Amino acid sequence: MAGIALEPEGKGMLDALPLSSFQVWAVLMIAATVVLDGLDNQMLGLAAPSLLKEWNISRDALGFVFALGFVGMGVGTLTSGFIGDRFGRRGALLIGVAIFGVATLATGFSVELWHVAVLKTLAGIGLGGVPGTASAMIAEFTPARWRSVAVTFGVVCVSIGGILGGVAAAAILPVLGWRWLFYLGGLLTMAFVTLLWFILPESPRYLAERPDRRAELDAILRRIAHPDPGSVQPAEKVNGKTPYVPFSTLLNGALLRDSLALSLAMFSGMFMIYLMFNWAPTMLFSAGFGLQTASLGLTSFNLGGTIGAMFASLAIIRFGSRPTLILMAVTGAGVCALLALLPIDGGRNEPAVLAALGALGLFASAAQSAMFAVGAHAFPTAVRARGLGLMGAAGRAGAIVSAVAGATLIGGGNMGFFGVLAALMLVNALGFIAVRGHVPRLGRQDARA
């Protein structure tokens, strides 16, 4: 496996350089795809109360549709990881965004539940691969000292998309109806992916592993203001080909423990996040809150997640990811316990509910966003996209379970809904405890290119 580092890769080709305006621009373009992922991903959850009423369908039937979407996301997560490591991060990212953009727009034209189910599954295939591929790409565009902040920012854009979706839903649903959420979201996504096709560059770290694409790498390094692009040595070839590291590498040797621990943490964390995305508005509506409050509850959760994730990324620089994420997960469990015990029947305690949902985002949701920075550090370049894809697939499995269980948990009121989440956040903390490849605090960082 000449030229493929499966242990820490040492000082990367960008680590000694200042962060250039080109790198900032590239990260923002990649992060924008995650904003759209979060926006489109949460639309069905935001539209759920209206769909249940207009089509007179059961919660269990809608839960099955959510589950199909997560099955699609699991397929998309693993497929995108393979495409990203084998053929390039850029192509994997653009394909995913294009698929969910078309499916989102088409959902607005649905007239039966099975139409929504098919399109939700198709959208899931596109949505599933975007956060992991974007995280790998952002990590490979940034120097080590900025990597945790940049990757966390990229992933937290899921929450930013959710904030935009919640605000849009609160304004659109009472006036135009649920279909316009999908029309506008799909059209916006398709327009943006068309723009990215012409302007988004490939990952420089990925190109450095492919000597036959040396000209592309040199062009990008010059735009980054690398003083000597020719000094960057490409990976060696074996029998005229770039060595390929199999997926099984993630499940053997030094990477096995981190693969399993991060997958456990991602399963429990995504169960929590997607239960909130898909069922929190319906749960609040069932408890007696209005449609606008139900939408704003999810917005509060996403806003807390956005703010918390950025604070988490700064805390990781100062203290490392181990104490930061463990503390956030345990605190998130405490907030879930508070929400489980808070009287909310008949729409009571609305300010306290919205504040607690914001706190849940601030700690629990933010910890899941920052986890992608741990994965980007723990998995080396040759298997990074697939490692993040494995984490993502475990997360999709958690989301599938949450989709099916959501209708039942709502029946148990806030005690059943948030009580289960409190237990899962403790499982989340155990996953973080088990990880070996945490991001160390700045000054001791073993950067992986």
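These legends accompany several close-up views of a predicted model. Local features need pLDDT of at least 70 and side-chain atom pairs count only at pLDDT 80 or more, while totals for chains, interfaces and linings use all residues. Residues are numbered from 1 along each chain as its sequence is written, and side-chain values use heavy atoms, with hydrogens and water left out.

**View 1. The largest nonpolar core and Leu360.** Welcome to the core, which has 139 residues. A nonpolar core here is a set of buried Ala, Val, Leu, Ile, Met, Phe, Trp, Tyr and Cys residues joined through side-chain atoms within 4.5 Å. Buried means under 20% relative accessible area, exposed means over 50%, and partly exposed lies in between (1.4 Å probe, protein chains only). The residues with the most contacts inside the core are Met276, Leu360, Phe417, Phe418 and Leu421. Helix α10 (residues 256-286) supplies the largest share, 16 residues. Helices are DSSP runs of H or I with at least four residues, numbered from the N terminus. Leaving aside residues up to four places away in sequence, Leu360 touches Met276, Phe301, Gly332, Val335, Cys336, Leu339, Ser365 and Phe418; contact means heavy atoms within 4.5 Å.

View 2. Leu78, Phe247, Leu251, Leu256 and Leu260 make a nonpolar surface patch of about 400 Å². Leu260 sits in helix α10. Patch residues have over 30% relative accessible area and no salt bridge; nonpolar side chains (Val, Leu, Ile, Met, Phe, Trp, Tyr) are joined within 5 Å, and like charges within 9 Å. The areas come from the Shrake-Rupley method with a 1.4 Å probe, and for residues only the protein chains shown count as cover.

View 3. Within α9 (residues 214-224), the buried residues are Arg214, Leu217, Asp218, Ile220, Leu221 and Ile224. They cover an arc of only 165 degrees around the axis, so they lie on the same side of α9; the arc is taken from the directions from the helix axis to the C-beta atoms. Cover for these buried residues includes α1 (21-41) and α8 (204-208). Turned away from the buried side, the other face carries the exposed residues Ala215, Arg222 and Arg223.

View 4. Arg214 and Asp218 meet in a salt bridge (2.9 Å, N to O), a term for a side-chain nitrogen of Lys or Arg within 4 Å of a carboxyl oxygen of Asp or Glu. Both partners belong to α9 and stand four residues apart, about one turn of the helix. Asp218 counts as buried because its relative accessibility is 18%. A further salt bridge joins Arg213 to Glu216, with the closest N and O atoms 2.8 Å apart. Arg213 is partly exposed at 22%, and Glu216 is partly exposed at 35%.

View 5. Glu140 pairs with Arg384, their closest N and O atoms being 3.0 Å apart. Glu140 lies in the loop between α5 (113-139) and α6 (144-172) and Arg384 in helix α14 (residues 384-411), so the pair ties together parts 244 residues apart in sequence. Glu140 and Arg384 are both buried. Arg89 joins the two in a network of salt bridges.

**View 6. Asp37 in helix α1.** Asp37 lies in α1 and counts as buried, at 0% relative accessibility. Beyond residues up to four places away in sequence, Asp37 touches Phe100, Leu127, Val130, Pro131 and Val158.

Conventions. Helices (H or I, at least four residues) and strands (E, at least two) are DSSP runs, numbered from the N terminus.
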